[in-house]
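Dear colleague,

I am writing to hand over the structure we discussed. Please find the sequence and the coordinates below, followed by an account of what was found.

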Amino acid sequence: MDYMTIDGRCVPIEGEKNILALIRKAGIDLPTFCYHSELSVYGACRMCVVEDERGRILASCSEQPRPGMVIRTNTTKIRKYRKLIIELLLASHCRDCTVCTKNGNCELQNIAFKVGIHAVRFLNNREQVPIDISSPSIVRDPNKCILCGDCVRTCAEIQAVGAIDFAHRGSNMEVTPAFGKELADTDCVGCGQCRVVCPTGALTIRTNVTDVWNAVADPKKRVVVQIAPAVRVAIGEKFGFPKGTNVMGKIVAALRLMGFDKVYDTNFAADLTIMEESKEFAERLKNNEKLPLFTSCCPGWVKFCETKYPEFADNISTCRSPQGMFSAVVKEYFAKADEEEGKETFVVSIMPCTAKKGEILRPDNFTDGRQDTDSVITSVELIRMIRQAGIKFDEIESEAPDMPFGMASGAASIFGVTGGVTEAVLRHVSEDKDHKALSQISFSGVRGIDGVKEATVQLGDREVKIAVANGLANAALILENIKAGEAHYDFVEVMACRRGCIAGGGQPLPMGPRTKAGRSDGIYAVDRESQIRFADDNPVMSQIYEDVIAGKEHKLLHRNVENV
Amino acid sequence: MLEQSYYDKADEIIANYGTEARWLIPIIQDVQTEYRYLPPELLTYIAGKLNITEAKAYSVATFYENFSFEKKGKYVIKVCDGTACHVRKSTAILDRLYKELNLKKGQHTTEDMMFTVETVSCLGACGLAPVLTVNDEVHAAMTPEKVTALIKELRGEN
């Protein structure tokens, strides 16, 4: 085996593409802004510089390891360079850390502390530019940008959207949509993955916390809250729980303490989605029309398809997302009580997703011209609210959600990971409902972290071809293949974020591979521990179908496509 | 939206090269030669044809000083402000141009769309300093007086 020497220690080269990976393997935590293993190598931030035996300085992220190479990661020269780079970055950066939403979570803050910057010698002469709040999902503050390009590459390479890029040159360089447009005027789908990789406060979640507090404080409002599957396995991380711990019970208790009137579970609506989407799928299979059927749960994907591949827009399921179904049904459920009590039902949804904030504003998600979901807050904002309320999250007792919208099947919970919607639908349409069938479905190829997964299942006398994509670039790949006639599918599930909602744009950071794996395991554990594994076994659902939905399926559970 | 003729012209230029991303710069150079500026609508149109994002095309077009999204005058005057020209008093030449053309600070093109004044870092003709070009025609060893005469001539007042 080949070796190289890092800080006097021998390190085996095992196929690593760059020295940085080897350095990290050797247990040395070099700071970086612009290096992400999932993205192309950019080599801009120069934080990962190392010195070789001839005193040359190399950027370890873009240097191939060679046998016999000798490098040092911590020399006087390197410490000096690193400090100067940070000092220069800070010189033109807003340093009001205490009032920045990124405070405590900021890589620039973190690395400046690690490197040991105690003063900045240079004057800040950077011109202040306006903050872009045009998008319902993302706030873009160019004044806090350090030009690492992580967002640019994520948007282009992982999501195939390319809404933002560098513009101009030298000290005038900025990251911006074309022609300095606002985000809302671009193809941005609101997925928030740019915010996930942004090391500073330049890209952050557009927050709705104040709206929600105001609603909770309003006695005229019946504030009803729904919690998405991926939220419950993520927020525990910030309160000392192991990665992937299901803290649903504590979330319910915390929300009650905050003053929410009813605490429900989005999973209930995911069960509705399974029923409706399966019906739609069976119908399309029977008529052999508008195939493949594309899932519609992910608003990032829906917008992507509509803007980049409008020719496939009719293939998207007409089903509303679980969030949309939930709010429409709940408002219908409380309509009479609202009238009698002179109240107004205000639906808050807690989502792992920034694009959901945009989904609720779409007219095709309205019922009778009325917006159903009133406010969306992300996991990150929920954590903020828990902290603002001073709730000791790790100590409070778990509570169960309110009925009837608090009961759901395990199939609903796996909506939070890639392949989950497909698996849930397959469970529903499968004729056998025993353990063998369950495990057969889970091993059919829909699980796992590959960007594109394919599976074939037998439904009656028909062989059904399925594709599951996560990450919009992977979805684009599938669409291109279908367009070119090289692939044929009957059912395609797309989640805009790699690995699904557990790694959504509204989830707490940091979000490395281990965190994602933990959350994913957490979701499958929720499913395994559920007493009900099939959506059709949810006893409350059939009741709600009878009492609330009957005759209004189209109005409450499907998008009003004619409204667009 | 621009007039249809602009898009037809762009199609014609694209056909000369191809629709691979690498042809972006030659294509927008030709567009700029045609219209003396790069109409933003055409950049978006070309990006679509080359299957690159609008943001990426904008990134490329703003990287190079040469591309301009603003309409330019009939005569584009480039005043060299490289080291050699600068020490031989190119500033005085620029000042005189601004005065003759009645241009305000930060304004580059006259309101009648006749003249555009730009500075460039070096024209590579240091032996002729101070130097300027009018639509690629070189005028060597300029003085403020020669500038006044040049503008008169271009206005057709002689």
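**The sheet of chain A**

In this predicted model, chain A holds an open sheet of 4 strands in the order 11-10-13-14, and their pairing is parallel. The edges are formed by strand 11 (262-265) and strand 14 (375-378) of chain A; each has a single partner strand, so one side of each is left without a neighbour in the sheet. On average, and with direction ignored, neighbouring strands of this sheet are turned by 25 degrees against each other.

Helix 9 (residues 266-287) of chain A lies across strand 10 (221-227), strand 11 and strand 13 of chain A. With strand 11 of chain A, helix 9 makes an angle of about 40 degrees.

**A helix pair in chain A**

Two packed helices are described by the angle between their axes and the distance between the axes. For helix 9 and helix 15 (residues 420-429) of chain A, the angle is about 70 degrees and the axes are 9 Å apart. Angles of 65 to 115 degrees count as roughly perpendicular, and helix 9 and helix 15 of chain A are therefore roughly perpendicular to each other.

Which residues meet in this contact of helix 9 with helix 15 of chain A? Helix 9 brings A:Ile274, A:Glu277, A:Ser278, A:Phe281 and A:Ala282, while helix 15 brings A:Ala424, A:Val425, A:His428 and A:Val429. By class, the residues of this contact are 6 nonpolar, 2 polar and 1 charged.

Chain B is divided into domain 1 (4-63) and domain 2 (75-154). The C-alpha centres of these two domains of chain B lie 29 Å apart.

Between the chains, 9 residues of chain B are in contact with 12 residues of chain A. On the side of chain B that touches chain A, helix 4 (residues 54-63) of chain B gives the most, with 7 residues. That side of chain B has 4 nonpolar, 3 polar and 2 charged residues.

With kind regards

Terms used: Residues are numbered from 1 along each chain as its sequence is written. Chains are lettered from A and ligands numbered from 1 in the order in which they are written. This is a predicted model: local features need pLDDT of at least 70, side-chain atom pairs count only at pLDDT 80 or more; totals for chains, interfaces and linings use all residues. Domain bounds come from an automatic or database domain assignment. Two strands pair if DSSP finds at least two bridges between them. Helices (H or I, at least four residues) and strands (E, at least two) are DSSP runs, numbered from the N terminus. Axes are lines fitted to C-alpha atoms, for helices over the stretch in contact, and angles run from 0 to 180 degrees between N-to-C directions. Two residues are in contact if their C-beta atoms, placed from the backbone, lie within 7 Å. Angles under 35 degrees count as roughly parallel, over 145 as roughly antiparallel, 65 to 115 as roughly perpendicular and the rest as oblique. Ala, Val, Leu, Ile, Met, Phe, Trp, Tyr, Cys and Pro count as nonpolar, Asp, Glu, Lys and Arg as charged, and the others, Gly among them, as polar.
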